[in-house]
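Hi,

Here is the structure I promised to pass on. Have a look, and my notes follow below.

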Amino acid sequence: MKGAVQQEPAYVLHRRPWRETALLVDLFTLNCGRISVIARSATSSKSPLKAQLQPFQPLLVDWIGKSDLKSLVQLEVRSAPAIAKPRAMYSGFYLNELLQRVLPPSDPSPALFAHYIETLQALAELSEGADVEPLLRRFERVFAASQGYSFRWDEAMDTGSAVQPGIRYGYEPTRGIIECPDHNCLLRQLPGEDLLALAADNFLDEAPRRTAKRVMRVLIDYLLQGKPLHSRELFRHSNPSAGRTS
């Protein structure tokens, strides 16, 4: 069958009603990247699809179609630990919305797909009161790198020099860490010691955590190109004492 794909590993990023009883579903898949499928009759009382097409649930999906909008044929639900704690769930919604809004269609990224699964697993295992920010910052780094915006915490890209403690640096999404920021630089005054701590994967200390959040917020907003992330507001309103997670 032309345009047929079978047993494709996938996760639901977003779904919405489509026509009378169908759902329009955005999927993140291993070999096809982000795609959209129509799940026909999914909202009818006899169909199991509405219950199966849930976020964070690993699926094996069959579809047909050569256009940008595919037709779902069938799916198989695979087992996975549930993401139940509110803080972990809101963080998962943030990951999904980020993927849905930024990933170009039909552009596979197996490394990002694998890291997404690892992050969902870590969110499912998150203990009460545990810090979710290191998971999110690491995912953001992998996500940005998949879109061509990789950088090193410990190297100034404008000079090629290693980052030094006691020196303040800048950051630009298209350039990375820079030693001599000009007036157009989006971020300045980043302590070299914080950048070196992040290069050593230290997200536990408060100062490098704040620096990582500042840098990744600028980078993610740049990738979004003005598109809002509703999950940020959901997290803020549902857990105001936590401040900004993403």
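Let me start with Ala10: in S2, its bridge partner is Thr29. In S4, Ala10 has Leu59 as its bridge partner. Before I go on, this is a predicted model, where local features need pLDDT of at least 70, side-chain atom pairs count only at pLDDT 80 or more, and totals for chains, interfaces and linings use all residues. Residues are numbered from 1 along each chain as its sequence is written, and side-chain values use heavy atoms, with hydrogens and water left out.

A word on terms: helices (H or I, at least four residues) and strands (E, at least two) are DSSP runs numbered from the N terminus, and two strands pair if DSSP finds at least two bridges between them.

Strand S1 (residues 5-18) runs antiparallel to strand S2 (residues 22-29), with eight bridges joining them. Their hairpin has three residues between the strands, and Arg19 there takes a positive phi near 55°. Four bridges join S1 to strand S4 (residues 59-64), also antiparallel.

Then there is an open sheet of three strands, ordered S7-S6-S8 with antiparallel pairing. Its edge strands, S7 (176-178) and S8 (187-191), each pair on one side only. S6 (residues 168-172) is joined to S8 by three bridges, and Tyr169 stands opposite Leu190 in S8.

Helix H5 (residues 192-199) packs on this sheet, touching S6, S7 and S8 (contact means heavy atoms within 4.5 Å). The direction of H5 makes about 75° with that of S8 (axes are lines fitted to C-alpha atoms, for helices over the stretch in contact, and angles run from 0 to 180 degrees between N-to-C directions).

Cheers
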